[in-house]
Amino acid sequence: MAQVAAAIRPIHSSLASPSSVSLQTQVQNIKPSSFSSKVQAPASRKSHRSFRVASTIAATISTSEVIPVSPVDVPKIEEQIQQLGATSVSLWSKPIARRKTKIVCTIGPSTNTREMIWKLAEAGMNVARLNMSHGDHASHQKVIDLIKEYNAQCEGNVIAIMLDTKGPEVRSGDLPQPITLVTGQEFSFTIRSGVGTADCVSVNYDDFVNDVEAGDMLLVDVLSTSLGDRDFAYGIMKLFFSSNAKVMPLDGVYIIAFTSRGMMSLMVKSKTGDSVKCEVVDGGELQSRRHLNVRGKSATLPSITEKDWDDIKFGVDNKVDFYAVSFVKDAEVVYELQSYLQSFGADIHVIVKIESADAIPNLHSIITASDGAMVARGDLGAELPVEEVPLLQDEIIRICRSMGKAVIVATNMLESMIVHPTPTRAEVSDIAMAVREGADAVMLSGETAHGKFPLKAVNVMHAVALRTESDLVAGETPANLGQAFEVPSASSLNPTSEMFAFYATKMANNLGTPIVVFTRTAFMAILLSHYRPSSTIFAFTNEKRIQQRLALYQGVCPIYMQFSDDAEETFTNAMAVLQKQGTVKEGEHVALVKTGRQPIWRFESTHNIQIRKV
C-alpha cells in the first residue's frame, strides 16, 4: 500500500515569480549537496484550522518543495538501487517515500499461482491484468479467485483486476513448414482459404485486399526463442495454445519460441481480386498464423468481436474492476460497451487502448467517452512510424491529465527482463520518462506473464519509479491544470469540487501534509489524484469495489473502513488506522477534504478543507 508522510522546505521567493531563469535551473540552484539536508521539520502550526467555503474560494499559497517520506522503504530502496548499478546510493541514506505511480502486472504461466500472486503484491503490483488473447475462462477464473482471496485476507493492500480484450486481428494461415523470406523476394497473401505454399499464404480477413494499396508496408511478427525447464516451457505452450508458441527439447533444455511483434516487413506491389503481391523488404522466418499489420492503417474490423463480448460477460459475472478495450477507433465503441454494462448494472470502468492508426484523429472524443487510456505501444508502433510513438505517448498522457482520466503506459517497458535478470539502461529511462510525463501507471506484459524473472521486473519498475518521483519538483503540474477551475466554466461537471481539489492540493503541498478524504464513489479521490499532490491521498471508503478501483490512480492509497454515523468518530478511527500502519504519528497534521458529489457528514451546500492534528 502506498504510504507517504512528508517534510517541507520553503523555496526562495524567486521561484514563486516569473523570471528569465528557468524553473528547473532555479530549483537546481537551491538543492543542497546531500539528500539528508533536504529533510527539515515543518514549521510549527496550529493544531486545528478549518476553512469553510459557501460557493467560491480565493487563496494565494506560496510554492514549496515537498519531499515525500516513509522510512519503511529504506532497506528495499537501497538494495534495489544497488541492483540497478546506481553510484549515488549515499543520497538515499534516508529514503523517505513509497511509490505513487502504480504498477500493472500481466498474469500468466510464470505468475498464476497463489504464491506468485502474493509475492507480486508484496513486490508492488497494484493491478492484475488478464490478457484474454491467451488462456481460457477456466485459467482466468483461477487467477480472479486468487486475487479475491488475497484482497479478502490482506487488510493493508488491495489489487484491482483488469480484463484486457483480445480485439480484432489479421493473421496468416497455416503452413506445412516455416518459410524463410529473403530481401527482394516476391511473396503473396490471399483471401482464398487453405493456401500455404513457398510463395503464397492465406489470411483470415476477407477485406484484406480492399484495405491495402500498392506502396503499403506490411509488418509480420516472427518467433523469438527463450530457454527454460520443461514445466515452464509447457506452461507457456498451454497459455498461448500451439499457434503462438512452440516448445522444442534440446539436450535436456527446452527452447520456447514465442511471438515478437513486427520484425519482418513486405512492400505491397500490386493486388488482384483475391491476392496481394509483395516484395520482401526485411526478411525472416514466416511461421503459421502470424499477426499482420499495415503501417498507417487499421483493418476495417469491429473493435469488439464476438469472442470479446463473451469475455466481457465473463468479466461482468466476476465483477472485474476495469476493461482494457483493444483497437478502439472511435467513441461509439466506448458508448456501446458502457450501454451494455449498464444493462447488467455493472459498475466497471472502461480503459481504451490506443493502438491503431484510426484512433489518432479521434483521440479527444475517445478519451472523453472513456474512464482512461492505455498507450499500447506495441501495435501502435506497428501501424505508425516508430518515431511517432514517443510523441503520441506524450500527447495521450497530456490529454488524459487535462481531462482527469487515468493513463497507463504499456508494452516493452522491461522487455529484456523476459529472459535476462537485469534491465537495459534504455528500459530504465523509458520507465522514468513515463513517470515524469505523469502516467498513473506503468505496465508489465510478457515480463510477468511468461518471463523468467517476474519478481525482479516488478522490483526494478518499483525502484525506478520511486527514484524518479523523488526528483520531481513538488506539486509539479501541467500548466493548464486549474485554469478552468479558478473561474468555473459552464462545461464543468462539478466546478465546486474541482476548485476544492485544486486548492486542497496547493494547501497540502504548502504545509507538507498528506490528504485524507472519505468517499463512497471514488469521485473526490480521483479528482485529487488528477492534481498530483506531493503527498499521498489517503482515500477511506466503505465500499470494497471503490477501494479496488482506486488502486489504479496515481498517489491514491485506498483504505477500506466502515463509516460511523458520527464524523469525528470516523475521523478518529481513520487516524488510528494510519497510526497503526506507521503512516502518520501523533501530533502530525493532515489535510481533510470534505466535498464531492455526495455529501458525507455535511450539508449539501457546505464544503470545507480542514488542517487537523492527529
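Leaving aside its neighbours within four places in sequence, which residues is Val-170 in contact with?

**Figure 1. Surroundings of Val-170 in the predicted model.** This and the following views show a predicted model. Val-170 is in contact with Asn-204, Tyr-205, Phe-208, Arg-290, His-291, Leu-292, Ala-299 and Leu-301, its neighbours within four places in sequence being left aside. Strand β7 (residues 170-171) is the element that holds Val-170. With a relative accessible area of 7%, Val-170 is buried. Val-170 and His-291 are 121 residues apart along the chain, and their C-alpha atoms are separated by 6.0 Å.

**Figure 2. Overview of the protein.** The protein has 614 residues, of which 56% count as buried. Its secondary structure consists of 19 helices and 26 strands. Among the contacts with a separation of 6 or more, 74% are between residues 24 or more positions apart. The accessible surface is about 25,500 Å², and carbon and sulfur atoms account for 52% of this area.

Figure 3. Returning to Ile-396, residues up to four places away in sequence are not counted in the following list: Ile-396 touches Ile-354, Leu-363, Ile-367, Ala-373, Val-375 and Val-407.

**Figure 4. Aromatic pair of Phe-189 and Phe-208.** The structure contains 9 aromatic pairs. One of them is formed by Phe-189 and Phe-208, with 6.3 Å from centre to centre and 70 degrees between the planes, an edge-to-face arrangement. Phe-189 belongs to strand β9 (residues 186-190) and Phe-208 to helix α5 (residues 208-211), so the pair ties together parts that are 19 residues apart in sequence. Ring pairs join Phe-187, Phe-189 and Phe-208 into a cluster. Phe-208 is also among the residues in contact with Val-170.

**Figure 5. Aromatic pair of Trp-309 and Tyr-340.** The rings of Trp-309 and Tyr-340 form a tilted pair, 4.9 Å centre to centre with 55 degrees between the planes. Trp-309 is in helix α7 (residues 306-318) and Tyr-340 in helix α8 (residues 331-343); the pair links distant parts of the chain, 31 residues apart. Trp-309 is partly exposed, at 22% relative accessibility. Tyr-340 is partly exposed, with a relative accessible area of 22%.

**Figure 6. Arginine side chains over aromatic rings.** Arg-114 lies over the face of Trp-118, 4.1 Å from the ring centre. Arg-612 lies over the face of Phe-571, 4.4 Å from the ring centre.

Figure 7. Cys-200 counts as buried at 8% relative accessibility. Cys-105 is also buried, with a relative accessible area of 0%.

Figure 8. Helix α17 (residues 523-530) is mostly covered, with 8 of its 8 residues buried. These buried residues are Phe-523, Met-524, Ala-525, Ile-526, Leu-527, Leu-528, Ser-529 and His-530. Arg-532 follows α17 and has a positive phi, near 50 degrees.

Figure 9. Most residues other than glycine have a negative phi. Lys-319, which is not a glycine, has a positive phi of about 55 degrees. Lys-319 is in the loop between α7 and β17 (322-325). With a relative accessible area of 56%, Lys-319 is exposed. Thr-411, not a glycine either, has a positive phi of about 85 degrees. The loop between β20 (406-410) and α12 (425-437) contains Thr-411.

Key
Residues are numbered from 1 along each chain as its sequence is written. This is a predicted model: local features need pLDDT of at least 70, side-chain atom pairs count only at pLDDT 80 or more; totals for chains, interfaces and linings use all residues. Side-chain values use heavy atoms; hydrogens and water are left out. Contact means heavy atoms within 4.5 Å. Helices (H or I, at least four residues) and strands (E, at least two) are DSSP runs, numbered from the N terminus. Buried means under 20% relative accessible area, exposed over 50%, partly exposed in between (1.4 Å probe, protein chains only). Accessible areas come from the Shrake-Rupley method with a 1.4 Å probe; for residues, only the protein chains shown count as cover. Rings of Phe, Tyr and Trp (its six-membered ring) pair if their centres lie within 6.5 Å; planes under 30 degrees apart count as stacked, over 60 as edge-to-face and the rest as tilted. A charge sits over a ring if NZ of Lys or CZ of Arg is within 6 Å of the ring centre and within 35 degrees of the ring normal.
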